[in-house]
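Okay, thanks for coming, everyone. I'd like to walk you through one model today, helix by helix. Have a look at it first.

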Amino acid sequence: MKLMALQLLLWHSVLWTVQEATPLGPASNLPQSFLFKCLEQVRKIQADGVVLQERLCATHNLCHPEELVLLGHSLGISQAPLSSCSSQALQLTGCLRQLHSGLFLYQGFLQALAGISPKLAPTLDMLHLDIADLATNIWQQMEDLGVAPAVQATQGTMPIFTSAFQRRAGGVLVAANLQSFLELAYRVLRYLAEP
């Protein structure tokens, strides 16, 4: 039964990835300086995320996030959607909002991981600051375009870890989900930066 549930979750994850990989619509008129700065920030966050994943793997031998999918579901660790960024008709306003909301979600997840390990604290802090900086840049761009919502998104319910293992496993899942989110965000930003 557990194997069937895991297979179903992995199948859903594959479909989500395929859906997100569909071609984008026409490019926007976003400032190149904004796009290039965001691309640079995404690459830095990705590098920090890889460091977090490698340290979790080396220190706690948690190297396979796919093995933790069921636990992540029960803990409430979800993937942030980017459906407005990857449809055939790219919705620029919706895409910027989803990018911002997703970054805000991952900030909350990283806060929930506080105390995971003294060795990982600097990496978590750096990730949190870099994600906050990118989210701020996207919010400012939305304000410049006049499409920022009246109120910023709220983080909603964050996972509560009842054991050290859950916190470490949560760290692996958050890092893996963040990397998937950033890969899609990078692809969208790079597309928008094309002449």
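Predicted model: local features only at pLDDT ≥ 70, side-chain atom pairs only at ≥ 80, totals over all residues.

Residues are numbered from 1 along each chain as its sequence is written, and side-chain values use heavy atoms, with hydrogens and water left out.

Let's start with α2, residues 32-60. The helix has 29 residues and spans 41 Å from first C-alpha to last, close to the 42 Å expected at 1.5 Å a residue; that expected span is 1.5 Å times one less than the number of residues. Its buried residues include F34, L35, C38 and Q41, where buried means under 20% relative accessible area, exposed over 50%, and partly exposed in between, with a 1.4 Å probe and protein chains only. What do the buried residues of α2 pack against? They sit against α5, α6 (121-145) and α7, with contact meaning heavy atoms within 4.5 Å.

N137 is buried, at 9% relative accessible area, and it touches F34, K37 and Q41, leaving aside residues up to four places away in sequence.

Now look just past the end of α2. N61 there has a positive phi of about 55°, although N61 isn't a glycine. Most residues other than glycine have a negative phi. N61 lies in the loop between α2 and α3 and counts as exposed, at 64% relative accessibility.

Next, the pair α5 (residues 92-112) and α7 (residues 164-193). Their axes come within 10 Å and cross at roughly 160°, which makes α5 roughly antiparallel to α7; over 145 degrees counts as roughly antiparallel. The axes are lines fitted to C-alpha atoms over the stretch in contact, with angles from 0 to 180 degrees between N-to-C directions. Among the residues making the contact are L99, L103 and Y106 of α5, and V174, F181 and V188 of α7.

Last stop: G76, in the loop between α3 (69-75) and α4 (83-86). G76 is partly exposed, at 38%. How far apart are G76 and M158 in sequence and in space? They're 82 residues apart in sequence and 7.2 Å apart in space, C-alpha to C-alpha.

Terms used. Helix = DSSP H or I, 4+ residues; strand = E, 2+ residues; numbered from the N terminus. Parallel < 35°, antiparallel > 145°, perpendicular 65-115°, else oblique.
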